[in-house]
Amino acid sequence: MNSFVTIENKKFNEKYYSTTLENGFKITIIPKQLKTSYAMVCCRFGGADIEYKKDGVTHYLPAGTAHFLEHKMFETESGGDSFLEFDKFGGNANAFTSFESTCYYFSCTENFFENLEILLASVSSLHITDASVEKERNIIAREITMYDDSPAVTVSRNLSKAMYHVHPTVYTVSGTVETISNITKETLFRAYEDFYLPANMSLCVCGDIDPEKIKSTVLRYFGESGGKRPETLYGDEPERVKTERVIGNAIVASPLYCIGIKCEGNEKNDLAAFRRSCAMRLAISLTFGRASDYFCKNYENGLLNERFYAGFNQSQNASYVIISGSGNEYGQVLESALAELERRKEIFFSDEQILREKKAAYAESLTLFDSGEDLTAAMALCAHLEYDEFDCIETLRDITKEEIRQALDSLNLSNHSISIIQKGTEL
């Protein structure tokens with residue numbers, strides 16, 4: 001029962017073992033002969049989970065709750081700090097929160113199972129007091145203020161607020177000083193009980209580690225019923241952007257800009273959605289990448305510089321093309337970028353250009369398997385999806401010219417916003 005299944009891709013000689021415990025907890029093990037071993041526990045609870053439905057009842061959490069809870073998960077029952085325990089066994093531990101997940105991880109060259117015990121003990125129970133929550137609130141508030149002082153962060157945040165009306169992406173993962181003021185000990189316990197369920201969590205390990213011993217260790221901490229993850233509610237997001245332009249001021253050497261073209265959000269985070277996102281990323285890279293006609297011409301004439309970037313961001317029920325950079329001529333960049341996308345709808349890329357771009361993207365994807373740390377994170381985040389990194393690479397290789405064309409044609413170029421940070425006056 002709950003035996004490991006071997007998933008293998010012989011084309012690039014990689015494999016992993018996978019099993020799902022009776023309570024729904026998923027375990028992925030990537031066997032590699034490495035000096036350093038890696039482990040990551042992921043919980044599908046992130047910055048976007050601020051409104052959700054459980055047992056037919058709608059609940060609300062202040063923005064930043066998942067990130068706040070991440071900070072408190074390493075507090076021990078005695079009021080100590082799990083990081084000190086990792087230090088005793090040579091474990092290098094940390095955590096992060098995204099819009100959709102919270103992940104806890106460590107790396108070590110020895111004492112793997114001692115470190116794994118500490119990690120699992122940390123995430124399988126919550127030990128907090130009113131005093132410790134208040135202390136952490138002050139720490140997180142300083143962290144938020146630090147990011148608020150960053151022009152690069154602000155220009156990106158302002159773009160999200162310009163494009164979206166009600167989708168949780170209008171909030172930052174860490175929340176605001178105001179929203180975290182509403183997070184209490186009771187708030188964190190409720191979030192933990194509702195989301196930190198075995199069926200909503202996974203462990204990924206990369207190294208030369210005994211799978212059965214890993215499974216038995218997990219069962220000691222996650223042996224009870226898995227429960228059911230609540231349904232996250234994303235609101236009824238309008239199709240159009242909220243506003244076309246937002247301008248801020250900061251002390252910057254040169255104005256910063258972020259342009260967003262709002263796309264239709266994906267209802268499901270499945271392989272079909274990933275395939276569409278791959279096609280869009282290739283379309284944007286072909287249009288604006290460092291080897292593109294657009295970039296080469298405008299870099300040479302001085303419109304663009306090394307800070308120019310173009311890509312595609314996608315999360316649950318929200319996706320958009322992003323074009324960012326620095327310079328005084330942001331209005332000209334906006335106009336020329338939209339014109340280039342329109343031109344490429346009419347004058348599409350050659351087979352040779354598409355093949356070259358796909359080969360470059362495919363080769364870059366394969367380098368993932370050279371990094372135990374990156375591979376662990378990628379596979380951990382895939383655990384609750386309908387596809388894995390093997391599927392991702394195969395999908396990237398098999399994307400057709402017509403799919404890339406459809407992705408480009410789907411862009412409503414009038415549905416865009418621009419966020420600008422202008423030069424302010426030094427205080």
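Biologist: Which hand does the link of Cys42 and Cys103 have?

Modeller: This is a predicted model. The link of Cys42 and Cys103 is right-handed, with 100° about the S-S bond. The two sulfur atoms are 2.5 Å apart, and both residues are buried.

Biologist: Where in the chain do Cys42 and Cys103 lie?

Modeller: Cys42 is in strand E4 and Cys103 in strand E8, so the link joins distant parts of the chain, 61 residues apart. E4 and E8 also pair in the antiparallel sense, over 7 bridges. Met40 stands opposite Tyr105 in E8.

Biologist: How far is the sulfur of Cys392 from the closest cysteine sulfur?

Modeller: The distance is 4.9 Å, to Cys382, which is also too far for a bond. Cys392 counts as buried, at 9% relative accessibility.

Biologist: In what order do the strands of the sheet run?

Modeller: The sheet is open and has 7 strands, in the order E1-E2-E3-E9-E4-E8-E7, with mixed pairing. E1 and E7 stand at the edges with a single partner strand each, so one side of each has no neighbour in the sheet.

Biologist: What is the mean pLDDT of the chain?

Modeller: The mean is 93, and 99% of the residues reach 70 or more. Among the elements, helix H14 has the lowest mean, 88, and strand E4 the highest, 98.

Key
Residues are numbered from 1 along each chain as its sequence is written. This is a predicted model: local features need pLDDT of at least 70, side-chain atom pairs count only at pLDDT 80 or more; totals for chains, interfaces and linings use all residues. Side-chain values use heavy atoms; hydrogens and water are left out. pLDDT is the predictor's confidence in each residue, from 0 to 100. Helices (H or I, at least four residues) and strands (E, at least two) are DSSP runs, numbered from the N terminus. Two strands pair if DSSP finds at least two bridges between them. Buried means under 20% relative accessible area, exposed over 50%, partly exposed in between (1.4 Å probe, protein chains only).
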